[in-house]
Amino acid sequence: MVNQVETAISPAKRRLGLRKYSRFGGSLASVLTTLFLLVLLTFIIGRLMPIDPVIAVVGPDADQATYLKVKQELGLNLPVLQQFWIFLKNLLHGNFGTTLLTGRPVMEDIARVLPATVELATVTIILGAGIGIPLGVYAAVNRGRFADHAVRLIALLGHSTPIFWIGMVGLMLFYAKLGWVGGSGRLDLFYEDIVPNVTGFLLIDALLAGDMEVFWSAVTHIVLPASVLAYASIAYISRITRSFMLEQLSQEYVITARAKGVSRRGVIWLHAFKNIRVQLVTVVALSYGGMLEGAVLIETVFGWPGFGQYLTNALVIGDMNVVVACTLIIGCVFIALNVISDLLYKFFDPRIK
Amino acid sequence: MPHFRACLTGAAVLIAAVTINVAEARTPQDQLVIGMNMVNLTTLDPHNANSYESYHVIANLYDTLLRSDPNTPGKVVPGLAKSWTVLPDGTLEFTLDERATFQSGRKITAADVAYSFQRAVKLGLLARAYYANWGYDAANVDQKFRAKDDRTFVMEVATPVAPSLKLNALTRVYGAVLDREVIAKHEKDGDMGRGWLASNAAGSGPFTLNRWNPNDIVVLSRFDAYWGGEPKMKRVLVRHLPESQTERLQLEKGDLDVGFQLVSADIDGLAKNPNIVIDRLVGSGFYYLIMSTKDPEFAKPEVRRALRYCINYKDINDVVMKNYGTSATTFIPADIPGYIPDIGNVYDPAKCKQGLADAGYGEGFSKQLLSLNSTPYADMATAIQQNLAVAGIKVDILTGNGDQTYGPMRDRKFQLGVGRTASSAQTDADGWLRTHVYNPDNKDDANLSNLQAWRASFELPDVNKLMDEAQAITDNEAKRVELYKQALKLFEESAPPIIPISQRVDPYAKSARLKNYVGDIGWMTRWDRVEKQD
């Protein structure tokens, strides 16, 4: 009898398990297909662009023999599909190849520039969400009043002012005139190479090494570019938060809660805000993802050795090994952020299973 | 909302705390801090270097056999070789300084010098073309470059070439001497260390390479046991600063000691600052306008001659090229033996119009002009466009990056172009003329794309002959110079399709605290004697 029950349940269980696996397999296949198409398209578009990286490598005055030798060494004389096949084979072996310009392994370069960008983006998003969300809530609660107009004006300015201009003015004011913050780069130059590179995140590495001087130098250097980027981010997040909140505050459950005698603060934060958390997670995650692509203009103005500058320089000369590797990484970052957002949805909204 | 206000106050306090007043910046006494745009710093291999930026770094990692006296451009002084002799057949014999050692601690021998120069040729990269001018190729260098004994290096003659040309050239980056034992350890598939040396160093210079992160930073440390005396600076730090205005702010603030590649407005701004000194390296190339004689209109000498009268050289040099170039009328600069005054560029709009009318183009014509999309090229192109419009020539400017601009010129598929020759300083008429007027084979498949005259499809056999003859004179400098003069004159009389606009100037800003920072026009500026005042 026991056996019969077991055999009766097992197929159902197995089907459930199989469905789970096949769902996972399906997702994995779709992710891999997306990534493959991303690589293929980026590579082909890159190769079809009328850019010849060889001149960037040898310089405009090189003689033809040198030009041809370098072209051959870089494999650029082969048909595009053959180049792609070689690239793909290397990729499957975990090898992104070398940059055409300097001959260094692409992964090594990325391991260096990505932490700089992640560090900047993380500080930015903490500032952006930390200030943008309360501002948005504040504006929504005070709809139509002075505070609301002020927040909307800040948001409008943040959206419409060119970011490199704000960066440059910020440098002139806070660095050159007032001397409150450090200049370009991640550190004062003479602090370079003082703390060992463990994580690639200077703030963390300096703390790990217990060197507060280097830590403060890193803080004073990151605060301005992060604030400038955060300003744009605050503008975006506060505007969205405001509109999400307005929608919730007009719902009947809010009126009911108020009628029941729930305090104003309780209604705002425990009822209305609780309901927009899931949407905000998406907004903040996408905003963070966008920053991880690198902020080329800010990186240029602040001499920040990040991912954005690295990718842009490669694009300009047609260094496709770098461009494809960076595109893949950006793709993976967005996929990872999606997964994290999904997990957070489940955390914030128990109805989602 | 008291809590909200409390949050805001908290945030303000936090921001105030992190933006503590950074002490008035001043670079440390024993560290030299340099800012430059590193986009063109693509290799540290002396035999493959092609940019102003890479030359500067390499000059401090390696020693060359001879050096150029930065205070007297063109004067050759001892480097690794303490003396040299020219034998009657033109063979050069160099005696090495016995104190000289590599950073690895090993004594430098004549075999190292021979290896280095052989590598320059055999690698087949940029240095090869340099030595090929003197008849050296992969097949003959093993015999021609040899160690007579440990201390004596011999450079035999392949084709007759004036010894002064070679001696001058050996002061440049391609004359660097490399540590063959260190390279051997990093050699892969017989690449003579090419892969490794691109981002590492094996030299004997005053500084060792700690790290180079492309488009980020170069960190050099003092080589304490440098044979030429311990450098004053403990470290040299070079940072990538792509934005000129940020660089200017850092210089003014005292966070940088030296700044390269500043734009004209920032140079002017810094020149007013008493704590900053502006230096100008004059003479490492020309800004030029080139016409392709494959084009039916530019094939006619009378059109080219007329067009040369159309350009307002003075205005372009005074306004557009300010801080980037200095006026030049022909391809041998005024301070080089062989210069001819009152030859070359003349601005005369009446003659320009008349000349075009006489050639049958009174109504003008339309052409496309290629230009880099950066300063000062794009501005120079616009000025030329305006000048030519007055004469009825309609010019469409097509801007692009290096490949899009120089690519068609190298392929001889263009009509008009502006550009800049980028080789390091040439202190001899030969170098100047070779780049701009020499073209020994005008066929398309000759592919002499490093020669401007070939790019313009313009060949003057008599000029080539004079050039070859001059280069081969080994014992009479006056006669050699005379032949270059004749070649230049002939070139100028032939309505050349390559017109010099300005001689290149590389300005840089340095802190007034610096002592002994002397820029070298061959871009081989040394940082080992640099000191700082309090």
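How many residues of chain B are in contact with chain A? The first legend answers this for the predicted model, in which local features need pLDDT of at least 70, side-chain atom pairs count only at pLDDT 80 or more, and totals for chains, interfaces and linings use all residues. Residues are numbered from 1 along each chain as its sequence is written, while chains are lettered from A and ligands numbered from 1 in the order in which they are written.

**View 1. The side of chain B that touches chain A.** In contact with 51 residues of chain A are 57 residues of chain B (contact: C-beta atoms, placed from the backbone, within 7 Å). Helix α9(B) gives the most to this side, with six residues (helices: DSSP runs of H or I, at least four residues, numbered from the N terminus). This side of chain B comprises 22 nonpolar, 26 polar and nine charged residues (nonpolar: Ala, Val, Leu, Ile, Met, Phe, Trp, Tyr, Cys and Pro; charged: Asp, Glu, Lys and Arg; polar: the others, Gly among them).

**View 2. Helix α8 of chain A, residues 202-209.** A:Leu202, A:Asp205 and A:Ala206 are its buried residues (buried: 20 or more other C-beta atoms within 10 Å of the residue's own). Seen down the axis of α8(A), they fall within an arc of 100 degrees, so they line one face of the helix (arc: that of the directions from the helix axis to the C-beta atoms). These buried residues pack against α5 (106-141) and α9 (212-249) of chain A. A:Gly210, with a positive phi near 70 degrees, follows α8(A).

**View 3. The contact of α5(A) with α11(A).** Among the residues that meet here are A:Ile125 in α5(A) and A:Leu280 in α11(A). The residues of this contact divide into 14 nonpolar, four polar and no charged.

Note on methods. A residue is buried if 20 or more other C-beta atoms lie within 10 Å of its own, exposed if 12 or fewer, and partly exposed in between; C-beta atoms are placed from the backbone. Helices (H or I, at least four residues) and strands (E, at least two) are DSSP runs, numbered from the N terminus. Two residues are in contact if their C-beta atoms, placed from the backbone, lie within 7 Å.
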